[in-house]
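Have a look at the fold before reading on.

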Amino acid sequence: MNLFGKKNYISLNQRTGTSVLEKHMKSKEPSIPDGMWIKCNTCKNIIYKKEVTKYKLCPSCDAHFRMSPAERIAITCDKQTFEEFDAAMDPGNPMGYPDYDKIIETTREKAKGREGVVTGRCKIKGVDTVIAIMDSHFMMGSMGSVVGEKITRAVEYATEHKLPIVIFTTSGGARMQEGIISLMQMAKVSEALARHDDAGLLYITVLTDPTTGGVTASFAMLGDIILAEPKALIGFAGQRVIQGTIHEKLPEGFQRAEFQQEHGFVDRIVHREKLRDELGKILQMHCAASSEKRAV
């Protein structure tokens, strides 16, 4: 041991006890910006965010990540054709729920949207279409008074202008903060769709993950054609509730899109990258058939 060699002195911050050397070492650690990596809940892999394309698919297992309405519009509608309806609509507080206005404001900041659905008019592969896109980022797409009213108005607009309507569903069910007012939206939207159907017009639903509760029990399952994204959770009550009620183990894949297609609840499962083309073909076929009918 060299007792006479050069000594290394470490000074301590008297207030915090942190050594200058520790601070120097920490400054050399690599800095990773927030949001650079995401985790896939299906395959559990950690994914570099830039590897995720505009279709929001897992590069490892092809799982379909949840999308915002803006992202959905970008991959579905013809460019610069989307015109939004009722963008500034606000909910009341019919049940006097404590701090409901604060909950809405906080959710808007997190979700970067005003409510649980975006509606409007656009073209899909050149066909004029009314579209409604529910937002899982806004209180899990819960169906409150604004969600029901906006979808109802969109359906009524489609009926008045003799247009098809496409609704992308995603929801955890009724919005408990609005009580019975939330549940009323099931009947209101369904009645508007009945009038749309009576007019001989097309209604397409696209079930995305998750579509559950009152939305599944009403307008999600009323489509003339029901499409679904792969592995989307589709059902009314949750698996644990059902198992607890019937006291039986449910089959593997229960309530997933593939299971629902096998049992006749879904017409076709369409990969997200092919969904715009699929919708375009259906809408164009319907347009041609409607034109021939009017000509006769």
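Which strands does helix 4 lie across? Helix 4 lies across strand 3, strand 4, strand 5 and strand 6, and runs at about 25° to strand 4.

## Ground rules

This is a predicted model, where local features need pLDDT of at least 70 and side-chain atom pairs count only at pLDDT 80 or more, while totals for chains, interfaces and linings use all residues. Residues are numbered from 1 along each chain as its sequence is written, and side-chain values use heavy atoms, leaving out hydrogens and water.

An open sheet is formed by 7 strands in the order 3-4-5-6-7-8-9, with mixed pairing (two strands pair if DSSP finds at least two bridges between them). Strand 3 (83–85) and strand 9 (268–269) stand at the edges with a single partner strand each, so one side of each has no neighbour in the sheet.

Strand 4 (residues 117–124) runs antiparallel to strand 5, joined by 8 bridges. Thr-119 stands opposite Ala-132 in strand 5.

Thr-152 is buried, at 5% relative accessible area (buried means under 20%, with a 1.4 Å probe and protein chains only). A polar atom of the Thr-152 side chain lies 2.7 Å from the backbone oxygen of Gly-148.

Note on methods: Buried means under 20% relative accessible area, exposed over 50%, partly exposed in between (1.4 Å probe, protein chains only). A polar contact is a pair of N or O atoms within 3.5 Å; within protein, one must be able to donate a hydrogen and the other to accept it, and residues adjacent in sequence count only if both atoms are side-chain atoms. Helices (H or I, at least four residues) and strands (E, at least two) are DSSP runs, numbered from the N terminus. Contact means heavy atoms within 4.5 Å. Axes are lines fitted to C-alpha atoms, for helices over the stretch in contact, and angles run from 0 to 180 degrees between N-to-C directions.
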